[in-house]
Amino acid sequence: MALKRSEQALFAREAIRTFQPDHPPRLVEASVLNPHARRIAEQFNKNVLSPRLLSGLFGLGEFAVLLIIAITIFSAYGRLADAPLALPLSGLAIATLALLHGYEPSQLRSQRRQPVRVALAMVAGIAATVPCAAWTGSLDAPLGACLLTYAAVSIGALTLGRRILARRIRHWSRTGRLERRVVLVGGGGAAEQFIRQLDAVPDSDIRICGIFDDRDGDRSPPLVAGYPKLGTIAELTEFARIAKIDMLVVTLPLSAEKRILTILKSLWVLPLDIRISALSQNLRFRSRSYSYMGDVPMLDVMDRPIADWNQVAKRGFDLVFGIAALIAVAPIMVVTAIAIKLDTPGPVFFRQKRHGFNNEEILVWKFRSLRHDMADPTARKLVTKGDLRVTRVGRFIRRSSIDELPQLFNVLIGNLSLVGPRPHAVHAQSSTQVTFTEIVDGYFGRHKVKPGITGYAQLKGWRGEIDDDVKLQKRFEHDLFYIENWSLLLDLYILFATPYSLLNPKGAY
């Protein structure tokens with residue numbers, strides 16, 4: 001019997017509820033990978049093309065092709081005055097293709113029904129353009145011939161392009177250039193059922209990289225449907241930081257609610273899509289409650305905060321505003337470099353290892369603000385008020401955050417963003433000599449997105465010395481708020497509000 005709609009997403013809702021800051025989860029400590037699992041992780045270390053990103057780029061390419069075809073034909077028929085019609089004509093055709101699921105990655109793999117989809121899109125585009133032409137008074141027989149020629153050429157061009165793309169997609173899938181990489185959590189019969197049903201999907205872009213499970217014996221044998229069990233769930237966190245994985249799929253039966261929630265509390269800190277296989281025969285949800293991987297029903301628990309087009313948009317945001325900011329502050333940076341060199345002996349810049357995206361270690365650039373002979377690259381001792389290690393110039397540039405300006409180079413390189421959770425030193429400790437991971441459960445959850453030069457926590461005043469555990473907890477909560485509510489508008493707000501927040505340099509010394 002089907003469950004009520006209010007009960008259908010029970011497991012996903014409960015999991016998400018327990019992930020909120022008021023219910024901080026405890027991260028399973030990562031274990032050292034066994035040699036076999038590490039070799040496999042390194043095989044999947046290279047980035048691949050995203051199927052959804054590829055389909056979006058292909059859609060933009062088809063729109064450009066249709067515009068070129070329309071303008072060329074209008075010109076050939078001596079109807080350049082009607083060239084503005086090319087925009088709605090092409091735009092409505094592409095919109096129709098999207099409504100017909102013509103840009104779904106699975107559909108782009110297939111050559112079947114492509115001419116039909118394209119023809120319907122052309123008919124829709126022309127049908128919607130004719131009233132526009134009538135309204136402008138340009139509808140006549142020559143324009144009709146022009147539109148028919150446009151339709152014929154466009155159908156041929158788009159059909160040919162889609163046939164070529166389908167062949168390339170199949171080639172990229174075979175060579176591992178275009179795929180979604182999946183790790184299964186939980187072995188045994190449920191995992192085998194999932195794999196068998198997924199294997200039955202033709203031309204699938206799913207690559208199963210391995211299985212992780214804490215159980216042994218018959219409940220979780222070392223090999224399931226030809227895929228090896230690579231380690232425990234604790235080892236999975238380390239595996240996912242080496243391999244470029246897209247998704248975790250929990251294949252335990254849905255009836256094992258408590259175990260599923262325990263696993264989700266351990267793995268939510270990873271920047272991956274998390275799904276639960278819904279192949280269980282014990283519970284029946286309504287079809288609209290599922291997403292699908294091929295024909296396999298899935299329950300969505302968590303999505304990557306910034307992925308595919310959002311990732312492209314954020315990178316573009318960083319490059320545009322990062323280059324503009326670097327040009328604007330270049331004179332300040334030159335003056336600061338000269339002042340540091342004249343003030344105390346030592347280098348102008350200071351580099352420090354910090355945690356970046358997915359907990360990887362990155363080298364962050366700053367202007368040197370401490371005496372060179374008292375530098376603390378590991379951040380074992382945080383800078384405190386009246387710290388004798390801070391130089392005269394250092395006190396000013398720390399209070400004004402000018403010392404952070406060289407991180408614009410990190411932004412251009414790509415290991416920092418303009419806006420995001422501030423990167424902490426790898427071995428950072430509070431003033432009581434306690435590591436940050438000991439203070440905050442789920443601390444690594446702030447690394448699900450790329451760190452930034454400025455962030456929401458800093459904007460709200462949570463910056464500077466960690467002399468109280470509550471300060472770190474508050475910083476962590478604000479970082480989670482940013483991750484869960486990210487948008488380009490939020491980035492713009494934080495970026496342009498940051499200079500005003502620097503007028504109150506509380507906690508910066």
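The following dialogue examines how terms are applied to this predicted model.

Tutor: In this predicted model, local features need pLDDT of at least 70, side-chain atom pairs count only at pLDDT 80 or more, and totals for chains, interfaces and linings use all residues. Residues are numbered from 1 along each chain as its sequence is written, and side-chain values use heavy atoms, with hydrogens and water left out.

Student: Why is C146 called buried?

Tutor: Buried means under 20% relative accessible area, exposed over 50%, and partly exposed in between (1.4 Å probe, protein chains only). C146 has 1% relative accessibility, so C146 counts as buried. C209, at 5%, is therefore buried as well. Of the 509 residues in the protein chain, 49% are buried.

Student: What makes a set of residues a nonpolar core?

Tutor: The members are buried Ala, Val, Leu, Ile, Met, Phe, Trp, Tyr and Cys residues joined through side-chain atoms within 4.5 Å. The largest such core has 65 residues, and V183, L236, F239, L248, L267, F367 and Y482 touch the most other members. A second, separate core of 29 residues includes F58, A86, L108 and A151.

Student: Which residues have pLDDT under 50?

Tutor: pLDDT is the predictor's confidence in each residue, from 0 to 100. Residues 1-29 stay under 50, whereas the protein chain averages 80. Where pLDDT is low, the predicted coordinates should not be read in detail.

Note on methods
Contact means heavy atoms within 4.5 Å.
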